[in-house]
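User: I would like to learn how to read helix packing and strand pairing in a model. Could we go through some cases?

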Amino acid sequence: MELRRSEVIGLFLGLFLLSVSPRSSARFVVEKNSLKVTSPDKIKGTYDSAIGNFGIPQYGGSMAGAVVYPKENQNGCKDFSDFSISFQSKPGALPTFVLVDRGDCLFALKVWNAQKAGASAVLVADNMEEALITMDSPEEDGSSAKYIENITVPSALIEKSFGKTLKNAISRGDMVNVNLDWREAVPHPDDRVEYELWSNSNDECGVKCDMLMEFVKDFKGAAQILEKGHYTQFTPHYITWYCPQAFILSKQCKSQCINHGRYCAPDPEQDFSTGYEGKDVVLENLRQLCVFRVANETKKPWVWWDYVTDFQIRCPMKEKKYNKECADSIIRSLGLDVKKIEKCMGDPNADSENPVLKEEQNAQVGKGSRGDVTILPTLVVNNHQYRGKLEKSAVLKAICAGFEETTEPTVCLSNDMETNECLDNNGGCWQDKTANVTACKDTFRGRVCECPLVHGVQFKGDGYTTCEASGSGRCKINNGGCWSDSRDGHSYSACLNFGNGKCQCPAGFKGDGVKTCEDIDECKEKKACQCPECTCKNTWGSYECTCSGDLLYIRDHDTCISKHGVETESSWAAVWVILIGLAMAGFGAYLIYKYRLRSYMDSEIRAIMAQYMPLDSQVEIPNHMN
């Protein structure tokens, strides 16, 4: 029996849910986030909303905004600039959340048009009374692909009745403020996150395949850091389905399936007569699963990321390198055992179950709070399906939101994860503009106010109103917040690196030590130059005393003495030092001379004695004469 191409494509799509589990009905779970209305009082409360599967949801955080319902283009299907409508927030105002109606065009197009007009988030009101659904991105064609990848604002679908409530409040002139909260969208029970990626090795399926490959390459570094640090447990997965019994012998099933129709994948080019076949994709998916299993056995599960990225680069379909030979060369380069991987893959021609792929089909069925996996690619974090753009920083934010608070690894506090709340009024935290030091710190959960550590100096305080440098070296940072000044080549500071850390004016000054230290006039206060012959002159931070006539002022004793007496005593002292030095040098020279002379005489006497009175047991001792 032969089937036309269109029939086979429709057949596989129709039987997808059956392939998930032949004995169970499919179960879809809509990932939700909380939407809280904070004003007006009449409609205050918390409502459900379904997270859009495009844009960048702020996982782990929240966003407050004012809701606006446009008077024209209320379904958002046209460019708002055509109606001279702008949603750009004014300085100091809350971000604008645009409410649009469902219908007449794609969800993603509505969000894109609102984003271009300045919206910070988009709420789509359903046009029928039904349970919430997931707003998915369409299969990208040439036109939609241009904007879907550029959507960055979060979006959510709300129920028709709730949308009507918001519209009525806006029409009455009420200020409608809401808060979108993603903090509970991903469970965070402990200090380890479990996540899985459902993907495909096919690299010729269009924009979505390109997006997946780009994500894997970008996210590899962060994924390997998390895995090597034992912060996460990652598992790759691949979707397959089976061919109905009635079509197992058809050409289409034979080209797209292995193990006699049990595990199938669509033809990469959707052309059964040329190029690679669906079963080639199934075999490579199986190989990548076995690469992960073998790498996991060697305690290096992160090698999977290296293999997948290398395979994408070195073995693309368009270069006709999507084959076993190319894959094996990568496996050997990564130090993995090719034979173990082949054993794991089993026989694709056998009329029996493949344990690895059978386990994958069972895993597609939703368990607990996770629904069935029906979208490729799909990311699951802590058993909850991720919704949003498959992009490094967005996915990393979702994974980091899965950690119990205060247990996040450092990669979650990198620049890529900053929410940039500190850019607005310093986040309401303490700041020293002079020293360029702030207590505001951006994290993926939002800003926190913590006194910083700067150049080894720890600041202490509440982080909101006060932060004071403490410990040794505190004077290096803006002089410890204390007074300091320099004049005429002299510098003074009220900062002390020891003690209780308070500022204290130095000797010769008085004041609070923080803002002011004023020079004390020691002469007027009669703290110096008390001797009758002294004349006092005040200087900045000190004083000068001079004596009348030929007298010399001695500061330590606050007295004047004769210069001649000092000069005479100094002269005689110098003479005595010289004389004592010469005497010691002469005595030392005499001792050395006497010692050398005596040594010379002793050696001469021994030589003479040895010549005239030799002993039998004494060997001849030579001297300087012979």
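Analyst: Contact here means heavy atoms within 4.5 Å. This is a predicted model. By that cut-off, E284, R287 and V291 in α8 meet K324, A327 and I331 in α10. The residues of this contact divide into three nonpolar, no polar and three charged.

User: At what angle do the axes of α8 and α10 cross?

Analyst: The axes of α8 (residues 278–297) and α10 (residues 324–333) cross at roughly 10° and come within 12 Å. Angles under 35 degrees count as roughly parallel, and α8 and α10 are therefore roughly parallel to each other.

User: Is the crossing of α8 and α10 left-handed or right-handed?

Analyst: The crossing of α8 and α10 is right-handed.

User: Now the strands. What is the order of the open sheet of three strands?

Analyst: Two strands pair if DSSP finds at least two bridges between them. The order in this open sheet is β18-β19-β20, and the pairing is antiparallel. β18 (453–454) and β20 (468–470) are the edge strands, each pairing on one side only. Between β19 (residues 457–460) and β20, which run antiparallel, there are three bridges. Q458 stands opposite S470 in β20.

User: How many bridges pair β25 and β26?

Analyst: Six bridges pair β25 (residues 534–539) with β26 (residues 542–547), in the antiparallel sense. C534 is opposite C547 in β26.

User: Which residue takes a positive phi in the hairpin of β25 and β26?

Analyst: The hairpin has two residues between the strands, and G541 takes a positive phi near 85°.

Note on methods. Residues numbered from 1 in each chain as written. Predicted model: local features only at pLDDT ≥ 70, side-chain atom pairs only at ≥ 80, totals over all residues. Heavy atoms only, no water. Axes fitted to C-alpha atoms, helices over the stretch in contact; angles between N-to-C directions. Helix = DSSP H or I, 4+ residues; strand = E, 2+ residues; numbered from the N terminus. Parallel < 35°, antiparallel > 145°, perpendicular 65-115°, else oblique. Left-handed = near helix turned anticlockwise from the far one by under 90°. Nonpolar A, V, L, I, M, F, W, Y, C, P; charged D, E, K, R; others polar.
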